[in-house]
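Please look through the structure shown here before reading on.

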Amino acid sequence: MNGQISALSLGPVEIALRFLCAMFIGLLIGTEREYTHRPAGMRTHMLVALGSCAVMITSQMIFAQYNAFGATPDPARLSAQVITGVGFLGAGTIMREGPSIKGLTTAASIWSVACLGIAVGGGYYGVGLIGTACMMVTLVVFEWLQQRLMRGKYELYSFTITGTDAVAIMELINKETEQADAKIKGVHLERREDGLVEVSFKADFTGRHASDRLHKFLGAIGEADKTTSVCSERTRV
C-alpha cells in the first residue's frame, strides 16, 4: 500500500470509527474494574485506550505524509513508547498493604488496554475486539473460577463486636475489612438492653496470607476505642 492510499484510508470517518472502537474497549474493561472497586475505573481505561489509539493514528499519518516524499519513517516507533510509558501509569495502581500487594491486575489491564488501543489505532479491529473479549473472559470468568477453586481452602470467620456507637463501629468494620482485603457478608446490628450495640457479621479472608490478614484485622478491631469486646469463630465455607 503506497502513501497516497494510506492517507486516503485515514479520513475523518475512519479516524472517528477507530476512536469510537477504542472508547468502547476502554469502557468495557474499565466498567468491570470500577464495578469491582479497583483503583482505575471506566474513564481511566477509556483515556488510555483513546491516547494509544491517537498515537497509532498519528504514526500512520506521519508515515503516509513523509512516504510521499520518499522518506520511510517507522510507524511503530511512537506506539512502542506508549507501551513503555503506560507502565508508569499502571505502577500507580499497585499498592502494598501489609504482607499483601493489590492492584497488579488493574495495572495489567491498563497496559493491555493501551496495547488494544494501539491495535485499533492501526486499523486492526479484529485484534482489538477479540482481544477485548479475551480480557473480559480473563477478568470476569476466570475470577469466578478462581473463587470456586479457592473455596474451602480458607475459612469464613464470624465476628461479634460490641460497643457504644453503632455508626463508629460500622465505619471501623468497613475500614479494617478493606485494609485486610476481606469481604463482609450478612451484617446484623442489634441494640442490647444494657445500651450497648452488637454487630454480627461474617468476613471472607479467601486469598493469600489469610492468617496474617486475619490477625491484623483482629488487632485493629480489638485496639479501637469504639469497641468494648470482640468475639470471633471460624466457620467453613
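In helix α3, the residues His45, Met46, Val48, Ala49, Ser52, Cys53, Met56, Ile57, Ser59 and Ala64 are buried. The model in which they are found is a predicted one. Helix α3 covers residues 42-67, and its 26 residues should span 38 Å at 1.5 Å a residue, which agrees with the 37 Å between its end C-alpha atoms. As a general point, an α-helix has 3.6 residues a turn, so residues three or four places apart point the same way.

A search of the whole structure finds zero disulfides. Cysteine 21 is in no disulfide, and the nearest cysteine sulfur, which belongs to cysteine 53, is 7.9 Å away.

How do two other helices lie against each other? Helix α2 (residues 12-35) packs with helix α5 (residues 104-121) at an angle of about 165°, and their axes are 9 Å apart. The two helices, α2 and α5, are therefore roughly antiparallel to each other, and the crossing in which α2 passes α5 is right-handed.

The aromatic rings remain. The structure holds two aromatic pairs, which are set out in the table.

| Pair | Centre to centre | Angle between planes | Arrangement |
|---|---|---|---|
| Phenylalanine 159 and phenylalanine 201 | 5.3 Å | 25° | stacked |
| Phenylalanine 159 and phenylalanine 217 | 5.1 Å | 70° | edge-to-face |

The stacked pair links distant parts of the chain, with phenylalanine 159 in strand β3 (residues 156-163) and phenylalanine 201 in strand β5 (residues 197-204), 42 residues apart. In the other pair, phenylalanine 159 lies in strand β3 while phenylalanine 217 lies in helix α8 (residues 210-223), so that pair ties together parts that are 58 residues apart in sequence. Taken together, the ring pairs link Phe159, Phe201 and Phe217 into a cluster.

Notes
Residues are numbered from 1 along each chain as its sequence is written. This is a predicted model: local features need pLDDT of at least 70, side-chain atom pairs count only at pLDDT 80 or more; totals for chains, interfaces and linings use all residues. Side-chain values use heavy atoms; hydrogens and water are left out. Rings of Phe, Tyr and Trp (its six-membered ring) pair if their centres lie within 6.5 Å; planes under 30 degrees apart count as stacked, over 60 as edge-to-face and the rest as tilted. Helices (H or I, at least four residues) and strands (E, at least two) are DSSP runs, numbered from the N terminus. The expected span of a helix is 1.5 Å times one less than its number of residues. Buried means under 20% relative accessible area, exposed over 50%, partly exposed in between (1.4 Å probe, protein chains only). A disulfide is a pair of cysteine sulfur atoms within 2.5 Å. Axes are lines fitted to C-alpha atoms, for helices over the stretch in contact, and angles run from 0 to 180 degrees between N-to-C directions. Angles under 35 degrees count as roughly parallel, over 145 as roughly antiparallel, 65 to 115 as roughly perpendicular and the rest as oblique. A crossing is left-handed if the near helix is turned anticlockwise from the far one by less than a right angle, and right-handed if clockwise.
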